[in-house]
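Biologist: I should like to go through this structure with you. Could we take it one piece at a time?

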Amino acid sequence: MRLPTSILSRIAPLAVLIPLAACSTTGEPSAGPTFATFSPVRPPVSSELAAPCIAAAASKYVLSASNIKAVDERAVGGGVNEVSLKVDIRNALCTVTDKGKVRSVVDTMPKSADQVAAEEAAAAKKAAGGTAAPAKKSKKKQAQQQEG
């Protein structure tokens with residue numbers, strides 16, 4: 001006995017499965033109403049300002065430029081602009097001139113509690129002299145100190 005090979009026999013199973021796939025859900029429906037969220041439309045950042053800022057941030061944070069995105073720009077005055085950057089998981093602010101000379105790249109995110117604690121521990125260790133390695137003295141200098 002031979003299986004039917006007509007085009008209808010090939011399409012019929014798909015015609016049954018497509019409505020089932022459209023009706024299936026993967027989670028529970030939400031009980032409350034959902035509201036659309038709107039984000040403000042920002043004009044794109046000019047490439048003359050974004051490119052030098054991205055390059056400066058890449059060298060400061062030792063990241064590739066693909067991990068850095070220019071988000072916003074604003075003119076400060078006197079030919080100086082500020083470009084907001086999204087650097088991996090951080091936010092940064094780049095100060096750049098109209099000619100593309102980067103003045104600074106500064107973190108704008110506050111430090112987390114563990115970052116502050118780690119910096120305080122490192123400062124305390126440095127103040128106690130824990131990081132400074134003792135200088136090695138030559139045998140000649142050691143003999144002179146023992147004699148005198």
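Biologist: How far apart are the end C-alpha atoms of helix α2, and what span should its 15 residues have?
Modeller: This is a predicted model. Helix α2 covers residues 47–61, and at 1.5 Å a residue it should span 21 Å. Its end C-alpha atoms are 20 Å apart, which agrees.

Biologist: Which residues of α2 are buried?
Modeller: They are Leu49, Ala50, Pro52, Cys53, Ile54, Ala57, Ala58 and Tyr61. What covers them includes the strands β1 (68–77), β2 (80–87), β3 (90–97) and β4 (102–107).

Biologist: What follows α2?
Modeller: Valine 62 does, and its phi is positive, near 55°.

Biologist: Turning to the largest nonpolar core, which of its 17 residues touch the most other members?
Modeller: Those are Ala57, Ile68, Ala70, Val83, Leu85, Val87 and Cys94. The elements giving two or more residues to this core are α2, β1, β2 and β3. The largest share, seven residues, comes from α2. In soluble globular proteins, nonpolar side chains tend to be buried together.

Biologist: What does isoleucine 68 contact, leaving aside neighbours within four places in sequence?
Modeller: Isoleucine 68 is in contact with Ile54, Ala57, Ala58, Leu85, Lys86 and Val87.

Biologist: A new topic: is threonine 97 buried or exposed?
Modeller: Threonine 97, which is found in strand β3, counts as buried because its relative accessibility is 14%, and the cut-off for buried is under 20%. Not counting residues up to four places away in sequence, threonine 97 touches Leu49, Gly79, Val80, Asn81 and Arg103.

Technical notes: Residues are numbered from 1 along each chain as its sequence is written. This is a predicted model: local features need pLDDT of at least 70, side-chain atom pairs count only at pLDDT 80 or more; totals for chains, interfaces and linings use all residues. Side-chain values use heavy atoms; hydrogens and water are left out. Helices (H or I, at least four residues) and strands (E, at least two) are DSSP runs, numbered from the N terminus. The expected span of a helix is 1.5 Å times one less than its number of residues. Buried means under 20% relative accessible area, exposed over 50%, partly exposed in between (1.4 Å probe, protein chains only). Contact means heavy atoms within 4.5 Å. A nonpolar core is a set of buried Ala, Val, Leu, Ile, Met, Phe, Trp, Tyr and Cys residues joined through side-chain atoms within 4.5 Å.
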